[in-house]
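Time to look up a few things and jot down what turns up.

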Amino acid sequence: MAYTEEELKKELETKEYEYGFYTDIESDTFPKGLNEDIVIAISKKKEEPEWMTEWRLEAFKVWKEMEEPEWANVTYEKPNFQEISYYSAPNKKPKYDSLDEVDPELLDTFKKLGIPLEEQKKLAGVAVDVVMDSVSVATTFKKTLAEKGIIFCSISEAIQEHPELVKKYIGTVVPQKDNFYAALNSAVFSDGSFCYIPKGVRCPMELSTYFRINQAGTGQFERTLVIADEGSYVSYLEGCTAPSRDENQLHAAVVELIALDNAEIKYSTVQNWFPGDKEGKGGVFNFVTKRGICEKNAKISWTQVETGSAVTWKYPSCVLKGDNSIGEFYSIAVTNNFQQADTGTKMIHLGKNTKSTIISKGISAGQSQNSYRGLVQVNSRAENARNFSQCDSLLMGNRCGAHTFPYIEAKNKTAQIEHEATTSKIGEDQIFYCNQRGIDTEKAIALIVNGFSKEVLNKLPMEFAVEAQKLLEISLEGSVG
Amino acid sequence: MMDLKDKLLSSFLAFENTVDLDHPVHEVRSEAIKNFEIKGFPSKKEEAWKYTSLNNLQKVDFSIFPKRESALEYKDVKKYFIHDIDTYKIVFVDGVYSSYLSETTHDGVDVCLMSSAFSKPMFRQVIDVYFNKVASKDESLTTLNTAFSKEGAYIYIPKNKMPKKPIQILHLATGNEAALMLQPRNLIVAEENAEVQIIERHQSLTENEVFTNSVTEIFAAKDAHVDYYKVQNDADTASLVDNTYISQKNNSVVKVHTFSFGGKLTRNNLNFYQNGERIDSTLKGVTILGEKQHVDHHTLVHHAQPNCESHQDYKGIFGEKSTGVFNGKIIVDKIAQKTNAFQQNNNILLSDKASINTKPQLEIFADDVKCSHGCTIGQLDDDALFYLRSRGIPKKEATALMMYAFANNVLESVRIPELKARINKIIANKLGVRVGFEL
């Protein structure tokens, strides 16, 4: 039977969140609310040194003075920051040496998530630092990495064991007072990942962390710090799914990337948090600050596949400080039902001969709103800066919206900037062309959506591309093909 | 010194003595001044004014009403007219109508003054139907103009009519006052199947400061055709905020060309509202700036009905310490299916001190549309330059030639040849060369 767009739309709307489940693990949770005592308590709980506590308090002080930003093209009920518990750690928290010791319930969760921990060890060669709520529970492949001098651990561990590195770099890319949510994160971040690649080392495997929100009413405040020392290379993967919840959950993460001279960081994200049901109830609020800084000849590449969250507010950015540095941003954002996404990037060209590429694909269905917001800034000393941006939007149905807000600021005459944007729907002629050649409508739509996002999907590392495609299927094209 | 906002608010009381308080328009004015009192001048904190600051203007002690009348000889200002063709002329000197320099008509069409349209009963119906109907009742500078609306050009083209010749609107500032603020208010109505061509220019004749806050409302009824050309090549002490609001009905075609070559600060707010089907809206502009000039183009095209088109094409060349802003917004409503909306903005930066900020923005709620925008910032092609020079064309001329070519897309659609020639001349002057031919 031929599959029409109408039917596809209907199926999309009724598609339940496949990864919605909730694991019952006893949690050690703080009382709700936020004040200086809570900040100190979090720091104490994590046995942090005094400088870290001070740093958090400084951030908290700034945060108290700040107001929640309203410029984004999203509407939502603002979270009550006193109604959130700022710390929750799985209770059984021994350090595991082998997978056998891990709580079977946890392992079950991983299986449902599609993280074959055991298999990954053998097959994919991916070291996984699993963040379950806020504390790292399992870390594998650490030894293999340690041989190369690579540090890959939770940030709290890094604060204990490599304070000199953390102290030197934390907050250098995203300062505490950068924005409202970054300040909040700086004050209360519970855990996250830390990665350091020494000089000249090419990380032999894809580093990966899976985030999950897993305690009712718990805000998740991840802090990720990736440092690639001179001449090194690392590919870092981050994936997210979350259980179905009625209550809106807040996620305010901060990711800082530092690529020193000649280093390269590839940061890929697949995000599939609970987007709320088809009435728009529930869902995760995702307010993330991601930024990387490139020194001389360095390269940072962001790739993201956004399919989840009720409200997304996310702008992975590159500060191209060093001469000849390169920034890239590849993104697919899919919104359905009542989802709202305001996402994009900032490319700040400071050094000479810096290059940046932005490819953004937005797909809106249902009654969702999908916005691209980007900034390309060429400063007066950035000779020969080059930027290419392309933002394409695909609309499915006439109840959704696609918006583009590109800001382009050039202060140097040698800058070359190109920006293109298009908005369209799947053309009747395109479908007809496929039909004519014996491809049914169902397959044709899948083909076109796939082709539309191919440019970005191709940028994902192999291990991730499979999962990304799976997520795209779930949120949109699964039903068509 | 009083700040400009307070001065304007207190001047409103004096202004009320000069107009008919019983006329329904005065109610509109009173509403507008209330809005301005609340809003005040826009600050850089507002998204729409992020790249353009009016702070310096607010520090100047502008006269709101010119005190002395001044007479000008035609030969002294001839060069500011497109004088090689016959046109109707509506000329204002320091904001006051100059009957000596003007040529108006009531022969089949009305080309005259807002002041007479406000006062004479025969125009009452048109004023009731159209005045302040498309202009924003909310934007602060527009409401400021509405509050002081009294004089300007009034053009009414009845059904199936077309004026015999193009119409020029010229605003001259003589420098009689140390600093003068002008607020012209224009109303242009083209009824069904009517056609009209209008050229508008603001010119300051001295180094004395002038600040013009102009509002123009254009209504194009079914099948009407309106061509509007704005020539902005003012003195370095003149600032202009031009608010133009256009309402279009079925099958109408409205084209607005904006040529920005001078002035201290120029802000163009160009708003198109498509209230019908199969409408065509064209917005084109050439901007060539030097020194410390600043031009901000803010365009809005609101597609509210199906099967319409809009075409935007803005070219900018920025030298010395000049700054350019382009902010183009396209909104496509849910019901406006089969909309084709195109937007193009190309810029060349000639100097390291010059800068350009551009924000092409799309807000789309309908799915069956074709919308695109393209935006580039770059330089002249070195290879092309080399090609020209290798054939004996000096660098300066070669550069100019390429800039001509760059701007030509926009000039192409100018339908008055004399105006096109004039624009070419201005561009040549601006670039400091003669290329020996006209495009």
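Below are my entries, grouped by topic.

**Entry: what I am looking at.** I remind myself that this is a predicted model.

**Entry: the domains of chain B.** I started with how chain B is divided. The domain assignment gives domain 1 as 63-132 + 144-385 and domain 2 as 386-439. I then looked up how far apart their centres sit: taken over C-alpha atoms, domain 1 of chain B and domain 2 of chain B have centres 24 Å apart. They do touch, with 26 residues of domain 1 of chain B in contact with 23 residues of domain 2 of chain B. Next I asked which elements give two or more residues to the domain 1 side of that contact. My list for chain B reads strand E8 (195-204), strand E10 (225-232), strand E12 (253-260), strand E14 (280-289), strand E16 (309-318) and helix H8 (382-390). Sorting that side by class, I noted 14 nonpolar, four polar and eight charged residues.

**Entry: where the chains meet.** How many residues does each chain bring to the contact? I wrote down 31 from chain B and 30 from chain A. On the chain B side, strand E19 (355-364) and strand E20 (370-378) each supply at least two residues. E19(B) gives the most, with ten residues. By class, I have 13 nonpolar, eleven polar and seven charged residues on the side of chain B that touches chain A.

Strand E23 (residues 401-410) of chain A is joined to E19(B) by six bridges, and the two run antiparallel. One spot I marked on the picture: A:Thr404 stands opposite B:Leu362 in E19(B).

**Entry: the largest nonpolar core.** This core has 222 residues, and I wanted the members that touch the most others: they are A:Cys195, A:Ala228, A:Ala259, A:Ile265, B:Ile155 and B:Ala190. Helix H9 (residues 395-411) of chain B gives the most to this core, with seven residues. The core also draws at least three residues from each of domain 1 (63-132 + 144-385) and domain 2 (386-439) of chain B. As background, I noted that nonpolar side chains tend to be buried together in soluble globular proteins.

Leaving aside neighbours within four places in sequence, A:Cys195 is in contact with A:Ile151, A:Phe152, A:Leu207, A:Val226, A:Ile227, A:Val234 and A:Tyr236.

**Entry: a covered helix.** Helix H7 (residues 140-147) of chain B is mostly covered, as eight of its eight residues are buried. Among them are B:Leu141, B:Asn145 and B:Ala147. What do the buried residues of H7(B) pack against? I found helix H1 (4-16), helix H2 (24-39), strand E7 (185-190), strand E9 (209-220) and strand E11 (238-248) of chain B.

**Entry: two loop residues.** I looked up B:Ser98 in the loop between strand E2 (96-97) and strand E3 (110-113) of chain B. Is B:Ser98 buried or exposed? It counts as buried because it has 20 C-beta neighbours inside 10 Å. Beyond four places in sequence, B:Ser98 is in contact with B:Val91, B:Phe92 and B:Val93. I also checked B:Leu72, 26 residues away along the chain: its C-alpha atom is 8.8 Å from that of B:Ser98.

The other loop residue is A:Gly282, between strand E12 (264-272) and strand E13 (284-294) of chain A. A:Gly282 has 18 C-beta neighbours inside 10 Å, so it counts as partly exposed. From A:Gly282 to A:Trp55 I noted 227 residues in sequence and 33 Å in space, C-alpha to C-alpha.

Conventions: Residues are numbered from 1 along each chain as its sequence is written. Chains are lettered from A and ligands numbered from 1 in the order in which they are written. This is a predicted model: local features need pLDDT of at least 70, side-chain atom pairs count only at pLDDT 80 or more; totals for chains, interfaces and linings use all residues. Domain bounds come from an automatic or database domain assignment. Two residues are in contact if their C-beta atoms, placed from the backbone, lie within 7 Å. Helices (H or I, at least four residues) and strands (E, at least two) are DSSP runs, numbered from the N terminus. Ala, Val, Leu, Ile, Met, Phe, Trp, Tyr, Cys and Pro count as nonpolar, Asp, Glu, Lys and Arg as charged, and the others, Gly among them, as polar. Two strands pair if DSSP finds at least two bridges between them. A residue is buried if 20 or more other C-beta atoms lie within 10 Å of its own, exposed if 12 or fewer, and partly exposed in between; C-beta atoms are placed from the backbone. A nonpolar core is a set of buried Ala, Val, Leu, Ile, Met, Phe, Trp, Tyr and Cys residues joined through C-beta atoms within 7 Å.
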